[in-house]
Amino acid sequence: MQPCQYECPDFVQLPVNGDKNNMKYVMLMNVNPGCLFGGSATEYFVGDFDGKNFTCVDDPHVPKWLDYGKDHYATVCFSNTGDRVIALPWMSNWQYANQAPTQQYRSANTIARDLYLYTDGTTEYLASKPSVENEKMRGKAAVKKNISGSKTISKMFSKPRGTYEVVLTLGNDNAGNVELVLSNTKGENVSMMYDAAKGTLSFDRRKSGNVSFSDQFPAVSVAPVVGSKLNELRLYVDNCSVEAFANGGRSVM
């Protein structure tokens, strides 16, 4: 068995499905190594707390992941935020953090995220959605409706300049695969693929740019889509990162 360590623990209380009469505790643990796709990641456990003992409501040997991407670790929550639980993860992985070709720092933090509990069947899960304050960064939105077939976004909108937000809403009759590719003139790209038959969302960054600094960085990560149907995909794109939130943060990478 490979040894691992837990770091940056956090302990928060949240209502299930917004019902304040049904409160659960969530223990956040950042594990390294042990991630589903290798390296470090944020794991969580849902349960009850009597003031002394925490009891997990599910099998604690079956991991639940807050984020299915390779770069999500050291998640910590802010205090003094009222009824909200706001988290901020580190956007890196100890498999290659010291090899990343950056200067003066080791990667960045993600955008702030609000955490909430929801149920799928009889099981409680923790979701992570962009905090509403991020919307203050928005400029004027460009909207296109009733899109079908293969389209090139750069021909539909004015060319984005480094930092932008994409919100893709799928119709209720969508039953096929959907692929969204972000690329540049250098031939670098990341691809997100929704597989309707499998109910999964994949994130392929193997051709995203300089990936030669570590053989652990180029990867395809896959997240389950809750309910197996993708309704909305929200992307926050920066010069050197992409954060993907599906179905209100129920599947994140």
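Modeller: The answer below starts with the pocket and then turns to some loops.

This is a predicted model, in which local features need pLDDT of at least 70 and side-chain atom pairs count only at pLDDT 80 or more, while totals for chains, interfaces and linings use all residues. Residues are numbered from 1 along each chain as its sequence is written, and side-chain values use heavy atoms, with hydrogens and water left out.

The second largest pocket has a volume of about 330 Å³. A pocket here is an open set of points, on a 1 Å grid over the protein atoms alone, where a 1.4 Å probe fits and protein lies on both sides within 12 Å along at least five of seven lines. The points are joined across faces, edges and corners, and the volume is the space filled by probe spheres set on them.

The lining of the second largest pocket has 23 residues, and those closest to its centre are Gln13, Leu14, Asp83, Arg84 and Val85. A lining residue has an atom within 4 Å of a point. By type, the lining divides into 10 nonpolar, seven polar and six charged residues. Nonpolar covers Ala, Val, Leu, Ile, Met, Phe, Trp, Tyr, Cys and Pro; charged covers Asp, Glu, Lys and Arg; the others, Gly among them, are polar.

Three strands, β1 (5–16), β2 (19–32) and β9 (113–120), each supply at least two residues of this lining. The largest share, five residues, comes from β1. A strand is a DSSP run of E of at least two residues, numbered from the N terminus.

Pro33 lies in the loop between β2 and β3 (41–49), and a cis peptide bond with omega of about -15° joins Asn32 and Pro33. Most peptide bonds are trans, and most residues other than glycine have a negative phi.

Asn80, in the loop between β6 (73–77) and β7 (86–91), has a positive phi, near 60°. Asn80 is exposed, with a relative accessible area of 79%. Exposed means over 50%, buried under 20%, and partly exposed in between, with a 1.4 Å probe and protein chains only.

Ser107 sits in the loop between β7 and β8 (108–109). Its phi is also positive, near 70°. Ser107 is partly exposed, at a relative accessible area of 22%.

Notes: Helix = DSSP H or I, 4+ residues; strand = E, 2+ residues; numbered from the N terminus.
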